[in-house]
Amino acid sequence: MKSARQSRRDLLLLGSALLAGGIAPIGLTYAEELSPQSLAVDPSRVLFRVRIEIDGEGNVNVPTNPLVSRKSDRSLPLKSDVVFDYEERLRRADATDVDSVPIAAERFFHEANSDSEVNRSKIQAALRPSVCQSIVRRDTLPEITYSSESYFTHEELDLLRMPVSSIAVDRLLPTDPVVKGDQYVVESESLRALFGLSAVDASEVKGEIVALSTKEARVQLRGNLDGSVDGVPTKLRIVGKLTFDRTMGVTTWLAMAIHETRDISKAEPGFDVASTIKMIRKPLDKPFGLQAQPEPLDIRSGIPEERLYVELQSDTIGMSTLMDRRWRMMSDKAGLTMMRMIENDRSIAQCDFRRLSRLAGDKQWTMNAFQQDVRKTLGEQWREFVVANERVTETGLVVMTLVARGAVEEVPIEWVIQHYSDDSGRRVLATFTMEGDAADSFAGSDDQLASTLRMIHQPSAAQELPDLAEQESSKPEDRLSDESIQSASDRR
């Protein structure tokens, strides 16, 4: 695997090739070369067919425990090939204000898939047909994608996080009239929109007009920027070029070589990757996959919260649920199925799942037995129970919920412990752990889990664990509270 220095050298060589190739003369007249001309975008063109191809190579940086340290423990080689082919209809907050920047889009994906290799393990990802039509909102950045018909998985949302946005590509153009040879500074806000960054801290990206005629303009781009995504620092080194069709008033082609180095976050590993990106963008007269008429969409109102759930699934436990997108499944293996709530690179809460042994016949666990087992398991950390209730969900599951308060190393901790059972005797235990001041951010995640959890298949009996008080294993991963207690301590 190439070193970071070699990757940067290859990036510069590739960038030189991009800048040198394909800049053929386009019949400029002497008058055109001397007269400053505006590169005006046609706001009436809102329907496009876009194809993006991305090749990436570099390293993924993985920490031992991101809650404790962002220092990389392992660096794994990465290769990836990604293809997107979609129709896009741009939307403005005020459709009558043609000078306003599009802040949303409808998309229909004809193709969206990736083939990756991480440490010689092949990983494929593709968009399911049920979510091939989506809405992209850019009220805030990074942009938010949701489906009006179904729910994405985190893997699908990760796939759709494109390194550049076709919605913002026209913002790379100069705002003042130019002649061939002119250079200009690309505004930080335009770069933030193009790369989908939460913030740009420093930027020195410049554009140069390398060819200009009445038909088209060709622009070279080069520079560096430092920014962040959801609180995680990232650095980009950019070399590229674009073609702007002056007769249609749109950017029709973009090629970029990007070397990005992103820090490790509490939700995802870091990376050091050099990528080449090719975008072809063609205006359409009518849609083929999208609806003929724009979908009803009130952009000036907030994004509908009910569309922002994400589908999480555990094959080990045999369950699926719809949760707030801040929840991610971090581990799904025997003895350690765990999801974590991350917001702006801050760990808010953790939920550990366990499959418990079946109950014989029509026997049910009582609330009293549940409380006794929880008290014994939490031990000296337990202080009091503040909630104890039982209900039957719409899916027919019996849910007993306990909210316990206590402390770990003098840090106030709150546990929400839920026992799920069905008519066949299958049982699942979910244990939420959070610091005492995280209740507002937690925002009823336990109720959301109880409302949407479904048993989807039956894992083998070998994966079932005994009741909490009966667990005698000394392994931390086999006990209810050890993992969650440790994570609460790590968040200090």
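1. Cysteines. Cys132 is buried at a relative accessible area of 17%. Cys351 is buried too, at 0%.

2. Basis. This is a predicted model, in which local features need pLDDT of at least 70 and side-chain atom pairs count only at pLDDT 80 or more, while totals for chains, interfaces and linings use all residues. Residues are numbered from 1 along each chain as its sequence is written, and side-chain values use heavy atoms, with hydrogens and water left out.

3. Overall make-up. The chain holds 8 helices and 23 strands. Both are DSSP runs numbered from the N terminus: helices are H or I with at least four residues, strands are E with at least two. Of the 492 residues, 52% are buried. Contact means heavy atoms within 4.5 Å. Among contacts with a separation of 6 or more, 63% join residues 24 or more positions apart. The chain exposes about 23,000 Å², and carbon and sulfur atoms supply 48% of that area. Areas come from the Shrake-Rupley method with a 1.4 Å probe; for residues, only the protein chains shown count as cover.

4. Strand β5. How many of the residues of β5 are buried? The count is 5 of the 5 in this strand (residues 133–137), so β5 is largely enclosed by the rest of the structure. Both faces are covered. Gln133, Ile135 and Arg137 lie on one side, with Ser134 and Val136 on the other.

5. Partners of β5. Two strands pair if DSSP finds at least two bridges between them. Strands of a sheet pair through backbone hydrogen bonds, either parallel or antiparallel. Strand β3 (residues 104–118) pairs with β5 in the antiparallel sense over 5 bridges. In that pairing, Glu106 stands opposite Ile135. Strand β6 (residues 144–146) is also antiparallel to β5, through 3 bridges. Here Val136 faces Thr145. β5 and β6 form a hairpin, with 6 residues between them.

6. A three-stranded sheet. Elsewhere, an open sheet of 3 strands runs in the order β14-β15-β23, with antiparallel pairing. β14 (309–314) and β23 (454–455) stand at the edges with a single partner strand each, so one side of each has no neighbour in the sheet. β14 and β15 (residues 319–324) are joined by 6 bridges. Ser314 stands opposite Met319 in this pair.

7. Helix α7 over that sheet. Helix α7 (residues 445–452) lies across β14, β15 and β23, at about 140° to β15. Axes are lines fitted to C-alpha atoms, for helices over the stretch in contact; angles run from 0 to 180 degrees between N-to-C directions. In α7, 6 of the 8 residues are buried, so the helix is largely enclosed by the rest of the structure. Among the buried ones are Asp446, Gln448 and Leu449.

8. Thr452. What does the side chain of Thr452 reach? It reaches the backbone oxygen of Leu322 at 3.1 Å. This is a polar contact (a pair of N or O atoms within 3.5 Å; within protein, one must be able to donate a hydrogen and the other to accept it, and residues adjacent in sequence count only if both atoms are side-chain atoms). Thr452 is found in α7 and is buried, at 17% relative accessible area. Leaving aside neighbours within four places in sequence, Thr452 is in contact with Ser320, Thr321 and Leu322.

Notes:
Buried means under 20% relative accessible area, exposed over 50%, partly exposed in between (1.4 Å probe, protein chains only).
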